Amino acid sequence: MTAPPNSHSFRSPDHYAVIGNPVAHSKSPEIHAAFAQQTGQAISYVRLLAPLDGFAQTVDALRAECREVAHEEAIGAHGGASRSARCGGANITVPFKLDAFRYATEFTPRALRAGAVNTLKFDGAVALGDITDGVGLITDIEKNLGFALSGARILLLGAGGAARGVLGNLLDADPSLLAVTNRTIDKAESIASQFNNANQGIKICVMALPDLPKQSFDLIINATSASLSDNLPPVPMSCFAGSSTRPALAYDMMYGRETPFLKLAAAAGARAADGLGMLVEQAAESFYLWRGIRPNTAPVMAFMRAGTDDPAARKPPNQPSPKADLKPNRKP
């Protein structure tokens, strides 16, 4: 409804954040700014660095600050129609996806299956936990990279929150083998047991690091945090052998640079891809959960690959604007 003339109405943006440690490298604010511009949504989105032992306090402080802003804006409306800001939600990155699961008060089925949360949606006292990483990963690998997962031999490096967030979707993709390895083998066995007990189809295979040189895979996914510090996860070059029909794909969930993992894969003759596509696709799923409209990821992906800082400046030459590109898909 349009407010009557001279009513002094205003509309404040809803507030969102990405919470992690480290978090300065995150491109989520730029991605969500582009989504908001594309879809005509009024939001603000910031990075929040949480202490390693202070995730819940950081989220509580974010929600409290939004309540204070909403109160001040209601007072400042001077009797006119107002639409105060609210804290709509948060994205969660390393190393807090298990902390976010403990923080949430309600869950989507996929978050319960994963036992991890990368997206929180706030509604009053309710904190709905969701996990959008798996959707983002599968969409990027199959749709954007054109790599079929059905029948593939897959190795997942890592057994933390990032691995938990994608295992269910990888199982649903019907690979011929899904193996998990980790420096601490007990963690790999624990996560495999959790998913195997709930899954009626293919079972996750746990592989110890010394056994990896005997194996080759079609897809190797780095879900460890090694690339954040430019370290190489413990994977031998022989794992990137692929098959006679296609080269292996090495996928690093880290994005924005050529990591030691991707350099090793390229040296072994594998196809290498960073996690920017996953980031954009999972962000679109979070945006849809929060706003009820699904943005078009293709132009945003192009903008992010271009490497500029201003979403409004990333319009490709001779292309319609992102808003014109959008075919909205709203929640019913």
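1. Tyr16, Tyr45 and Trp290 are joined by ring pairs into a cluster. The model is a predicted one, and the count of aromatic pairs in it comes to seven. In the pair of tyrosine 45 and tryptophan 290, the ring centres are 6.4 Å apart and the planes stand at 50°, so the pair is tilted; the tilted class lies between stacked, under 30 degrees, and edge-to-face, over 60.

2. The pair of tyrosine 45 and tryptophan 290 links distant parts of the chain.

3. The crossing of H1 and H9 is right-handed.

4. Which residues of H1 and H9 meet? From H1 they are Ser28, Ile31, His32, Phe35, Ala36 and Thr39, and from H9 they are Leu279, Val280, Ala283, Ala284, Phe287 and Trp290. By class, the residues of this contact of H1 with H9 divide into nine nonpolar, three polar and no charged.

5. Two cis peptide bonds deserve a check against the model. Most peptide bonds are trans. The bond from asparagine 21 to proline 22 is cis, with omega near 5°, and proline 22 lies in the loop between strand E2 (14-20) and H1. The bond from valine 94 to proline 95 is cis as well, with omega near 0°. Proline 95 is in the loop between strand E5 (87-92) and helix H3 (97-103).

6. Two aspartates have a backbone angle to note. Most residues other than glycine have a negative phi. Aspartate 174, though not a glycine, has a positive phi of about 65°. Its place is the loop between helix H6 (161-172) and strand E10 (177-181), and at 48% relative accessibility aspartate 174 counts as partly exposed.

7. Aspartate 230 is the other one, with a positive phi of about 60° although it is not a glycine. Where does aspartate 230 lie? It is in the loop between strand E12 (219-222) and strand E13 (249-252). With a relative accessible area of 45%, aspartate 230 is partly exposed.

8. Alanine 163 lies in helix H6 and, at 0% relative accessibility, counts as buried. What does alanine 163 touch, leaving aside its neighbours within four places in sequence? The contacts are Leu156, Gly158, Ile191 and Ala223. Of these, isoleucine 191 is 28 residues from alanine 163 in sequence and 8.8 Å from it in space, C-alpha to C-alpha.

Conventions
Residues are numbered from 1 along each chain as its sequence is written. This is a predicted model: local features need pLDDT of at least 70, side-chain atom pairs count only at pLDDT 80 or more; totals for chains, interfaces and linings use all residues. Side-chain values use heavy atoms; hydrogens and water are left out. A crossing is left-handed if the near helix is turned anticlockwise from the far one by less than a right angle, and right-handed if clockwise. Helices (H or I, at least four residues) and strands (E, at least two) are DSSP runs, numbered from the N terminus. Contact means heavy atoms within 4.5 Å. Ala, Val, Leu, Ile, Met, Phe, Trp, Tyr, Cys and Pro count as nonpolar, Asp, Glu, Lys and Arg as charged, and the others, Gly among them, as polar. Rings of Phe, Tyr and Trp (its six-membered ring) pair if their centres lie within 6.5 Å; planes under 30 degrees apart count as stacked, over 60 as edge-to-face and the rest as tilted. Buried means under 20% relative accessible area, exposed over 50%, partly exposed in between (1.4 Å probe, protein chains only).
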